[in-house]
Amino acid sequence: MKRYTGAGVSEGSRIAVITNDALGNFVVATPLFQMLRSELSPQCIDYFGGTRIAELALGSDLIDRFVPLHGESPRGFADALTEPYDLVVNVEWTTWAKSAAAMLVGENGYVCGPCLDEEGRADLPFAEDDRGDLWRDQEWVSPEVTTRYPFLSTGFISEIFCRLAYLGGSIPAYRVRQQDPGGTVPDVLIAASASLQDKLWTVENWTAVVETMIKSGTTVGLLGAPPKSQKKYWLGADEELAIVSAGAIDLRGAFTLPEVVGALERCKLALTLDNGILHLACAAGAPTIGLYRHGIRRLWAPPHPGLQVLEAQAGETVASISLAAVQAEVEKFWH
């Protein structure tokens, strides 16, 4: 295997892409899929992700084959291995993803991103160039990232992934599968679960904002995984229960992921934490209010013109964002 540095992969090559299966991580990789296709003209782009985003990956026109890497037995992944790939692009740092990258790349193939070396005993060193420096740096939320790495025009994670793969064109917008959810979609769709405690907003604030909207005649729906699945992967169960108790329509698990995108395309406003639903909302073009931890917006806020970011102060969590600030932003959408 060899480190990819922007050359050596010819038209008609076979490419594999690896991510984890958090919703947001899949969505932010969709510009990477598009640019690999347009700039390298491969024979195929096969995607190795996980079962949680299978509904978006299966049938996507960005992907030729989807193979679950996370969420199923490792033996199942081994059974899915066929001929080696000419280029493997891995944007996931776990040991399992690095192992998979090493197994997927051919003896004479190229690898971009974290990977075990030929003997599987250590990490394959990154290239000794500016892209390798960025891989080694990992301080991607830094406000100086574009100064340190002039090949970046923004610090947005989708652009970082594309530039690390030596792709030089303009960064395309998100592209995800969308289906009509049927029926009536509430005016406001809320997503209140997250992967980390410091991403959560308070039960009291969610209750107040939902009750205020409903009193004004606004219909509100709660998006999310079915409660049993929610507790397996995410935090925020108490917050979700409070939102439903305050009068929101419980839509958790009611839609497939492509139908969630369709519902977001039809709603008047999405109000969400920094989670996968935020990225689906921006992909759908929905007006969106996103609640972020301090500084994280630089890396994880999509350049979507309809996204309004509310950010915690330095040293504070999302819970510190005031109810008044959120209500003021909500009010702007109705006046």
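I count a residue as buried under 20% relative accessible area, as exposed over 50% and as partly exposed in between, with a 1.4 Å probe and protein chains only. The model is predicted, so I took local features only at pLDDT of at least 70 and side-chain atom pairs only at pLDDT 80 or more, while totals for chains, interfaces and linings use all residues. Residues are numbered from 1 along each chain as its sequence is written, and side-chain values use heavy atoms, with hydrogens and water left out.

**Entry 1: strand β11**

Helices (H or I, at least four residues) and strands (E, at least two) are DSSP runs, numbered from the N terminus. I looked up β11, residues 288-292, and found five of the five residues buried, so the strand is largely enclosed by the rest of the structure. Thr288, Gly290 and Tyr292 are buried on one side, and Ile289 and Leu291 on the other.

Next I checked the neighbours, taking two strands as paired if DSSP finds at least two bridges between them. β10 (residues 269-273) pairs with β11 in the parallel sense over four bridges. Leucine 273 has leucine 291 of β11 as its bridge partner. Between these two strands the chain passes through helix α13 (residues 276-284), and the β-α-β crossover is right-handed. Right-handed here means that, with the strands pointing away from the viewer, the path from the first strand over the helix to the second runs clockwise. β12 (residues 307-311) also runs parallel to β11, joined by five bridges. There, glycine 290 has valine 309 as its bridge partner.

**Entry 2: isoleucine 53**

Is isoleucine 53 buried or exposed? Its relative accessibility is 0%, so I count isoleucine 53 as buried. It sits in the loop between β3 (44-50) and α3 (54-57). For contact I used heavy atoms within 4.5 Å. Leaving aside neighbours within four places in sequence, isoleucine 53 is in contact with Asp21, Ala22, Leu23, Phe26, Tyr47, Phe66 and Leu257.

**Entry 3: rings**

I paired rings of Phe, Tyr and Trp (its six-membered ring) if their centres lie within 6.5 Å; planes under 30 degrees apart count as stacked, over 60 as edge-to-face and the rest as tilted. That rule gives 16 aromatic pairs. One of them, tyrosine 47 with phenylalanine 66, is stacked, at 5.8 Å centre to centre and 25° between the planes. Tyrosine 47 is in β3 and phenylalanine 66 in β4 (residues 65-70), 19 residues apart. Both residues are buried. Elsewhere, ring pairs link Trp93, Phe126, Trp135, Trp140 and Phe161 into a cluster.

I also looked for charges over rings, with NZ of Lys or CZ of Arg within 6 Å of the ring centre and within 35 degrees of the ring normal. Arginine 52 lies over the face of tyrosine 233, 4.5 Å from the ring centre. Arginine 131 has its charged end over the ring of phenylalanine 151, at 4.0 Å from the centre.

**Entry 4: cores**

A nonpolar core is a set of buried Ala, Val, Leu, Ile, Met, Phe, Trp, Tyr and Cys residues joined through side-chain atoms within 4.5 Å. The largest has 74 residues, and Phe26, Leu32, Phe33, Leu36, Leu134, Leu264 and Leu280 touch the most other members. α13 gives the most to this core, with six residues. Apart from that core lies another of 26 residues, among them Ala248, Leu269, Leu271 and Val318.
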